[in-house]
Amino acid sequence: MQQSRFSVVGPVPVALIGLAGFVAILAVALLRLREDAPWWTETTLFGLSLAATLYVAYLTYVELFVIGAVCPWCVTIALCSVAVLALVSFDLVRPQRS
């Protein structure tokens with residue numbers, strides 16, 4: 001699995017891309033918590049979490065139908081990214097407090 005051609009994008013390991021993505025999501029989420037958060041934090045957080053979820057969906061497809069092996073770490077990350085997307089989506093659609 002970690003030795004397959006799907007474990008890297010060019011010279012960069014997929015795990016490093018995932019780590020960078022989750023660090024970016026965390027940074028924007030922490031910024032979003034501030035009282036004076038910039039207007040773009042909500043949509044950026046949604047976009048990052050959607051991109052993460054779509055990418056792990058692709059990787060899950062590759063695991064199941066191309067490689068034929070399932071990585072427990074990958075499943076955990078997939079579940080986490082779906083959970084983050086669900087929470088961010090819920091936050092976007094709920095009525096804002098005045």
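In the predicted model, the buried residues of helix 1 are covered by elements that include strand 1 (8-9), strand 2 (12-13), helix 2 (41-67) and helix 3 (72-93). Helix 1 itself comprises 19 residues, spanning positions 14-32. From its first C-alpha to its last, helix 1 reaches 27 Å, close to the 27 Å expected at 1.5 Å a residue.

Four residues of helix 1 are buried, namely Val 14, Ile 25, Val 28 and Arg 32. These residues lie on the same side of helix 1, because the arc that they cover around the axis is only 70 degrees. The other side of the helix carries the exposed residues Ala 15, Leu 19 and Leu 26.

Phe 22 is also located in helix 1. When neighbours within four places in sequence are set aside, the contacts of Phe 22 are with Ile 77 and Ser 81. Thr 76 is 54 residues away from Phe 22 along the chain, and a distance of 13 Å separates the C-alpha atoms of the two residues.

The largest nonpolar core consists of five residues: Ile 25, Val 28, Leu 45, Ala 52 and Val 88. At least two residues of this core are supplied by helix 1, and at least two by helix 2. Within the core, Ile 25 and Val 28 are also among the buried residues of helix 1. For Val 88, the contacts beyond four places in sequence are with Leu 45, Phe 46 and Ser 49; of these, Leu 45 is itself a member of the core.

Technical notes
Residues are numbered from 1 along each chain as its sequence is written. This is a predicted model: local features need pLDDT of at least 70, side-chain atom pairs count only at pLDDT 80 or more; totals for chains, interfaces and linings use all residues. Side-chain values use heavy atoms; hydrogens and water are left out. The expected span of a helix is 1.5 Å times one less than its number of residues. Buried means under 20% relative accessible area, exposed over 50%, partly exposed in between (1.4 Å probe, protein chains only). The arc is that of the directions from the helix axis to the C-beta atoms. Contact means heavy atoms within 4.5 Å. A nonpolar core is a set of buried Ala, Val, Leu, Ile, Met, Phe, Trp, Tyr and Cys residues joined through side-chain atoms within 4.5 Å.
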